[in-house]
Amino acid sequence: MSAFVDAFWQIAALIRKELLAIVKDPASRVILFAPALMQALLFGYGATYDLTNVPYAVLDQSRGAASVELLARLDGTGVFHRVATLASPRQIANVIDANDALMVLSIPSDFENLLATGQQAPVQVILDGRNSSTAGAAAGYVGSIVTDYNNERSGAGGVTIERRAWYNPNLESRWNLMPAMIAALSMLQTLLLAALSVAREREQGTFDQLLVTPLTPMQILIGKALPSILIGLIQSTIIFLVIRFWFQIPMNGSVWLMYGGLLMFNCAAVGIGLSISALSLSMQQAMLYAFLLIMPLMLLSGLLTPVRNMPAILQLATYVNPLRFGVSIVRRVYLEGAGLADVAVDFIPLLAVAAVTMPLSAWLFRNRLA
Amino acid sequence: MKDEPGFRRRFAALFRKEVRQMLRDKSNLAVGLLLPVMLILLFGYGLSFDVPSAPVAVVLEDSSPSSRDFAAGLQGSRYLAPAWVSDMTEAEKLMRAGKVDAIVRFPADFSRRLAPGNAHIQLLLNGVDSTTASAVEGYVGGAIGSWSQRQLDRLGGSSASGGSVVVVQRMWFNEAGNSTWYLVPGLLVLVLTLIGAFLTSLLIAREWERGTLESLFVTPVRPLELVLAKLAPYMGVGIINVVTCLLAARLLFKVPIRGSLWVIVIASILYLVVSLLLGLLISGVARSQFKASQMALLASFMPAMMLSGFVFDLRNVPVVIQIVSQVLPATHFMSLIKTLFLAGDDWAQILRNCTILLLYVAVLTLATTRTLRKSLD
C-alpha cells in the first residue's frame with residue numbers, strides 16, 4: 001500500500017516539475033493560453049464559407065421593366081452589391097480581372113422582346129472562377145432568384161420547396177467549423193508540447209538523470225503526458241467558452257460526453273507527441289517531425305472538407321488520425337446532441353492510437369538513449 | 001569599400017557552417033523537402049470542395065404518378081444519389097446516422113395540390129456540414145425547377161404570361177469550377193510560409209539557447225551578415241520548393257499557368273525572403289526553441305491557411321478580419337499568385353503586390369538585424 005502511495009507522490013512531483021517547466025516563464029504562459037482565445041475569435045469571424053458580399057457589375061443593354069425588376073431582386077437579397085454599371089461588353093474583362101466584381105450580369109438588348117413574345121430570354125452570368133467555391137455559390141444563388149422570378153411570372157406557382165435544416169437552421173458554416181476547432185486548435189499546441197517534453201531533457205542532458213531515478217518508465221510517461229493533456233483541455237475549454245458564449249452557438253449534447261471525447265482525443269494526440277519525442281535526438285528534430293505530422297492530421301480530419309469527398313485510399317488513412325475522430329465526436333455531441341451510444345464507435349480508434357503510442361513511448365524512453 | 005573582402009570571407013564562412021548544419025540534420029530536410037511534396041499530394045488529391053453525388057433519402061407519402069415522376073427527376077441530377085425509403089421514421093434514422101445528407105419528402109396531398117399550383121415538397125437537410133447542405137439544397141432546387149419547367153412546356157407553355165429567363169453561366173479562369181485549380185496555386189504560398197517561418201524560426205533561437213550566438217558577437221561578424229548567411233541555404237531549399245510546386249501544378253493537376261513564369265518565380269522568391277525574414281525575426285524575439293516554434297505556428301501557418309484567402313473568401317468576412325488579413329504578407333502574395341496562375345499578367349496588381357512585399361522585406365530586415373544588435377548590450 002505504501003509503495004502505491006509513494007508511486008503516486010513520485011508521479012505528482014514529476015507532474016509538478018513538468019508544469020513548472022512549461023509555465024514558469026511568463027511569456028510561455030501567455031503563448032499557451034492567449035493564442036487559443038485569439039484564434040477562436042479570429043477564425044470564428046474569418047473562417048466562413050457563407051456568401052455575404054458579392055460585388056457585381058451590370059451590363060444592361062435592354063433597359064426594360066423586366067431587367068430592372070430582375071436586378072431589384074438581386075439587390076434585395078442584401079448579398080449582391082452593385083459596384084459598377086457597364087456601358088459596353090469590353091468593360092467586362094476589366095472589372096473581373098481587377099477583382100472589382102466577382103460577377104457580371106449581362107442582359108442583351110433583345111431580352112425584353114424575347115420575354116414578351118413568350119420565348120426563352122438568356123441572361124449571361126460571368127463569374128470570377130479564381131475562387132471556385134464562392135463563384136459556385138453565387139451562381140447557385142442567382143439561379144434560385146431567377147427560378148423564383150420565372151415562377152412568379154408564369155403565375156403557375158408550381159412546386160415550392162419547404163426547407164428545414166437540422167442542427168443548424170440557417171446553415172451557417174461557422175456552426176460547423178467552430179465546434180471542430182475545439183479539438184483542432186488545441187491539438188496544434190499539445191502535440192508540440194508533448195513532442196518537446198522528452199527531447200528538451202535529452203538536449204539538456206537531464207533525461208539520463210531522470211532514468212536513473214527510482215521512477216519506472218510508466219511513471220515517467222504519466223508525468224510527461226498529464227501536463228500536456230491538461231493544457232490541451234484548458235485550451236479546448238477556452239475555445240469552447242468563446243464558441244458557446246461569444247458566438248452563441250447552442251450546445252445540444254452533454255458537456256461531460258464532449259469532455260470525455262476530448263480527454264480521449266488528447267491522450268491519443270499526446271501519445272503521438274511523446275513517441276516523436278522519444279525518437280528525436282534534439283528539440284529541433286522533435287519539433288520538425290511533430291510539424292511534419294500535424295499537417296496531414298489537420299488536412300485529413302474532415303475539418304475543412306468532408307472525409308467523404310476524399311479518395312478511398314486517403315479515407316482509409318484517416319482511421320489512424322485521432323483528429324478525425326476528435327472532430328467527429330465534438331461536432332456530433334455539440335451540434336447533433338449525440339449520445340454515448342452514437343459516438344462510442346468514434347472512441348475506438350482514439351483508444352487504439354493511445355494504447356499503441358503510450359506504451360511505445362515508455363519503451364522508447366529506456367531503449368533509445370542518445 | 002575597404003571592408004569588402006572581409007565581408008565576403010566572413011559571409012562565406014558563416015554560409016558554409018549554416019549549409020553543413022542544415023544538411024546534417026535529416027529532420028530539417030524532411031520538413032524542407034518532404035513536407036511540400038506531402039502537402040501538394042494532400043491538397044491536390046485529398047481536399048475537395050466539389051461535392052460528389054450526395055446520398056438523399058426520398059420519402060413518397062403520395063404514390064400518384066405525378067409524384068413518382070417528380071421524384072424520378074431527382075435521379076436525373078448527377079449530383080444526387082437518391083434512395084427510396086418507405087417512411088419518415090426510417091429516413092430520419094438514416095439522417096441521424098449520417099448516412100444521408102438530406103430527406104426529400106413528398107407529402108400525401110402532393111398530387112392533389114399540384115393542379116391548383118400550391119404543392120409542397122419538404123426538404124430536410126443535415127446542417128452539421130453546412131457547405132454540403134447548401135450544395136444539396138441547390139441541386140434539389142435545380143432538379144425540381146427543371147422538372148417544373150418541363151412540365152410547364154408539356155402543358156403547352158404559358159405564352160400568355162410571357163417567356164422565362166434562362167441563365168447562361170460562364171465561369172472565367174476556371175470553366176469547370178474545379179476546386180483543385182483554386183487550391184493548388186495557393187499551395188505555393190502555404191509551402192513557402194512553412195519553409196520560411198518554421199525552419200528559420202528555430203535557427204537563431206537554437207543558438208540563443210545553446211549560447212553560441214553570444215560567442216558570435218565577439219567575432220567581427222555583423223548582424224546583417226549573420227542574417228544573410230542564415231537565409232541563404234534556406235533560399236536554396238525554398239527555390240527547390242517553388243520549382244516542385246510549379247511542376248506539380250502543371251503536370252500533376254493540369255492547372256493552367258496563364259501569367260508569365262518569370263513573374264511567378266520572381267514574386268515567389270520575394271515572398272520567400274519575406275517569410276524567411278519573418279522566421280528569423282520570430283527566432284530573434286523568442287530566444288527559445290519552444291517559444292519560437294509556438295510563435296511560428298501561430299504567426300505563420302494558421303493565419304496563412306485560415307485568413308489569407310487560401311480557403312475562405314475574404315469578401316465574406318467582417319471588416320476587422322479583413323484588416324487583420326491585409327496585415328499578413330501571405331494575403332497579398334496569395335491574391336497575386338492566384339491571379340498569375342489562373343487569370344494572367346495583371347500589371348497593376350503585380351506592381352502593387354510586389355511593392356507591398358518589398359516593403360515587408362525592408363521592414364523585416366531592419367527589425368531582424370535590430371533584434372540581433374540589441375542583444376549586444
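Leaving out residues up to four places away in sequence, A:Ser277 touches A:Ala194, A:Ala195, A:Leu196, A:Ser197, A:Val198, A:Ala199 and A:Arg202, where contact means heavy atoms within 4.5 Å. The model is a predicted one, in which local features need pLDDT of at least 70, side-chain atom pairs count only at pLDDT 80 or more, and totals for chains, interfaces and linings use all residues. Residues are numbered from 1 along each chain as its sequence is written, chains are lettered from A and ligands numbered from 1 in the order in which they are written, and side-chain values use heavy atoms, with hydrogens and water left out.

A:Ser277 belongs to helix H10 (residues 255-279) of chain A; helices (H or I, at least four residues) and strands (E, at least two) are DSSP runs, numbered from the N terminus. A:Ser277 counts as buried because its relative accessibility is 0%; buried means under 20% relative accessible area, exposed over 50%, and partly exposed in between (1.4 Å probe, protein chains only). A polar atom of the A:Ser277 side chain lies 3.0 Å from the backbone nitrogen of A:Ala199.

## Strand S3 of chain A

Strand S3 (residues 103-107) of chain A is largely enclosed by the rest of the structure, because 5 of its 5 residues are buried. A:Met103, A:Leu105 and A:Ile107 point one way from S3(A), and A:Val104 and A:Ser106 point the other way.

S3(A) pairs with strand S1 (residues 54-60) of chain A in the parallel sense over 5 bridges; two strands pair if DSSP finds at least two bridges between them. In this pairing A:Leu59 has A:Ser106 of S3(A) as its bridge partner. S3(A) also pairs with strand S4 (residues 121-128) of chain A, in the antiparallel sense and over 4 bridges. There A:Met103 stands opposite A:Leu127.

## The interface of chains A and B

In chain A, 107 residues are in contact with 105 residues of chain B. The area buried between the two chains is about 9,600 Å², with carbon and sulfur atoms giving 65%; buried area is the accessible area (1.4 Å probe) that two parts lose on being put together, summed over both. On the chain A side, A:Arg130, A:Trp166 and A:Gln284 lose the most area to chain B, together 8% of what that side buries.

There are 3 salt bridges between chain A and chain B, each a side-chain nitrogen of Lys or Arg within 4 Å of a carboxyl oxygen of Asp or Glu. One salt bridge joins the side chains of A:Arg163 and B:Glu137 (3.0 Å, N to O). Strand S5 (residues 159-166) of chain A and strand S4 (residues 119-126) of chain B run parallel and are joined by 8 bridges. A:Val159 has B:Ala119 in S4(B) as its bridge partner.

## Two further buried residues

A:Arg332 lies in helix H13 (residues 322-336) of chain A and counts as buried because its relative accessibility is 18%. Not counting residues up to four places away in sequence, A:Arg332 touches A:Gly337, A:Ala338, A:Asp342, A:Val343 and B:Arg96.

B:Ile40 is placed in helix H2 (residues 26-46) of chain B and counts as buried because its relative accessibility is 5%. Apart from neighbours within four places in sequence, B:Ile40 is in contact with B:Leu187, B:Thr244, B:Cys245, B:Ala248 and B:Phe253.

Terms used
Polar contact = N/O pair within 3.5 Å; in protein donor to acceptor, adjacent residues only side chain to side chain.
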